[in-house]
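Here are my notes for you on this one. Have the sequence and the model open while you read, and click on each residue as it comes up.

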Amino acid sequence: MAAPTKKNASSACVIPGGFTVLSLKFCSSNAAQHQLCVKEHRVRADTNTHRPLDRTLFILNVPPYCSQSVVKDLFSQFGPVQDVELREKPVVAEDKQLELSPYFTPAQKKCFKVAYVVFKHSSSVAAAKAHPYDSPLIVSTKEKPVDTGFKKWIHEYTQSFIKPELLQQAVDDFMSQYDKRKEEEAELQKKEAEEQQEDEEGWVKVTKGGKGIKSRPHSEGANRRALQKEHGKKKRKELLNFYSWQHRNSKKEHIAELRRKFEEDKQRIALLRAQRKFRPY
């Protein structure tokens, strides 16, 4: 992208697309500058409730050495910052994944990122957009220095060690949330099963699931119960012995069943007699 042009030394630099260019220096003694492109977050399709449209500032080209705390300190001069979110690329939809502990999340890549800065007041967004280009933001100051080189590597190395008690606490919290979620799902399934019970006349009340609820695949037991229910419905609908030929066939089947049972009883009695050990004659 071509370097932005400034109208005068004390005004903000606005480029096509509605972005305001802010200059950035790692420290006040550095001559090299970096450019940040900021814009008010106005994506209507964004359903993330953590990004209010009137208080969120969208930032492009955030360098890798700027962490969440650094970005928060940089933009706190425009007003109190409520939250800072760093992403590798812009995300419109709300992230529905579980909020995992830092121990179970992969390490972020060292690359240029985008940021969402949520202020407590909407006036802070306008103040950030009106910041003059010739007044660069300083990353590392005497009050809040940012480690580089060996200091940074040593700090990252020491932070890589995990304390067993903290890890155990994170695992316990995750399992408690998992058990709670499973109990809620089981309660929801039980409630849906009760609502969809067949009444005395064979009717089933069908209810619409909540928004975002995924359909569950039918298990083998559920399919078997569904087939038994359909078979029961068909039997109730049949007209037994309504016609004369049905009555004759049912009588014939009943007599044939009695004869079969009589023959089985005769064979069973003959077998018991043959197995008798006591023979008086």
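1. Let's start with Arg-55, which sits in the loop between strands β3 (34-40) and β4 (56-62). Helices and strands here are DSSP runs (helices H or I, at least four residues; strands E, at least two), numbered from the N terminus. Keep in mind that this is a predicted model, where local features need pLDDT of at least 70 and side-chain atom pairs count only at pLDDT 80 or more, while totals for chains, interfaces and linings use all residues. Residues are numbered from 1 along each chain as its sequence is written, and side-chain values use heavy atoms, with hydrogens and water left out.

2. Is Arg-55 buried or exposed? Arg-55 is buried, yet has no salt bridge. "Buried" means under 20% relative accessible area, "exposed" means over 50%, and "partly exposed" is in between (1.4 Å probe, protein chains only). A salt bridge needs a side-chain nitrogen of Lys or Arg within 4 Å of a carboxyl oxygen of Asp or Glu. For charges, Lys and Arg count as positive and Asp and Glu as negative, with His and the chain ends not counted. The nearest side chain of opposite charge to Arg-55 is Asp-54, and that one is 4.3 Å away.

3. So what does Arg-55 touch, leaving aside residues up to four places away in sequence? The list is Gln-82, Val-117, Val-118, Phe-119, Lys-120, His-121, Ser-122 and Val-125, where contact means heavy atoms within 4.5 Å. With Gln-82, the side chains make a polar contact of 3.0 Å. That term covers a pair of N or O atoms within 3.5 Å; within protein, one must be able to donate a hydrogen and the other to accept it, and residues adjacent in sequence count only if both atoms are side-chain atoms.

4. The side chain of Arg-55 reaches the backbone oxygen of Phe-119 at 2.6 Å. In sequence the two residues are 64 residues apart, but from C-alpha to C-alpha they are 5.4 Å apart in space.

5. Now zoom out to the whole chain. Of the 281 residues, 21% are buried. Among contacts with a separation of 6 or more, 68% come from residues 24 or more positions apart. The chain exposes about 22300 Å², with carbon and sulfur atoms supplying 55% of that; these areas come from the Shrake-Rupley method with a 1.4 Å probe, and for residues only the protein chains shown count as cover.

6. Next, the rings: the structure holds five aromatic pairs. Rings of Phe, Tyr and Trp (its six-membered ring) pair if their centres lie within 6.5 Å; planes under 30 degrees apart are stacked, over 60 edge-to-face, and the rest tilted. Phe-58 and Tyr-116 form a tilted pair, because their centres are 5.3 Å apart and their planes are at 40 degrees. This pair links distant parts of the chain, with Phe-58 in strand β4 and Tyr-116 in strand β6 (residues 113-119), 58 residues apart. Phe-58 is buried at 12% relative accessible area, and Tyr-116 is buried at 3%.

7. For another kind of pair, go to Tyr-157 and Phe-161, which are edge-to-face, 5.1 Å centre to centre with 85 degrees between the planes. Tyr-157 counts as exposed at 53% relative accessibility, and Phe-161 is exposed with a relative accessible area of 53%.

8. Back to charges. By the salt-bridge rule, the count comes to nine. One of them joins Lys-129 and Glu-40, with the closest N and O atoms 3.9 Å apart. Lys-129 lies in helix α2 (residues 123-129) and Glu-40 in strand β3, so this bridge ties together parts 89 residues apart in sequence. Lys-129 is partly exposed, at 28% relative accessibility.

9. Finally, look inside helix α6 (residues 244-274), where Glu-257 and Arg-260 are three residues apart, about one turn of the helix. Their side chains meet in a salt bridge of 2.2 Å, N to O. Glu-257 is partly exposed at 32% relative accessible area, and Arg-260 is partly exposed at 40%. Salt bridges that share partners also join Glu-40, Arg-42 and Lys-129 into one network.
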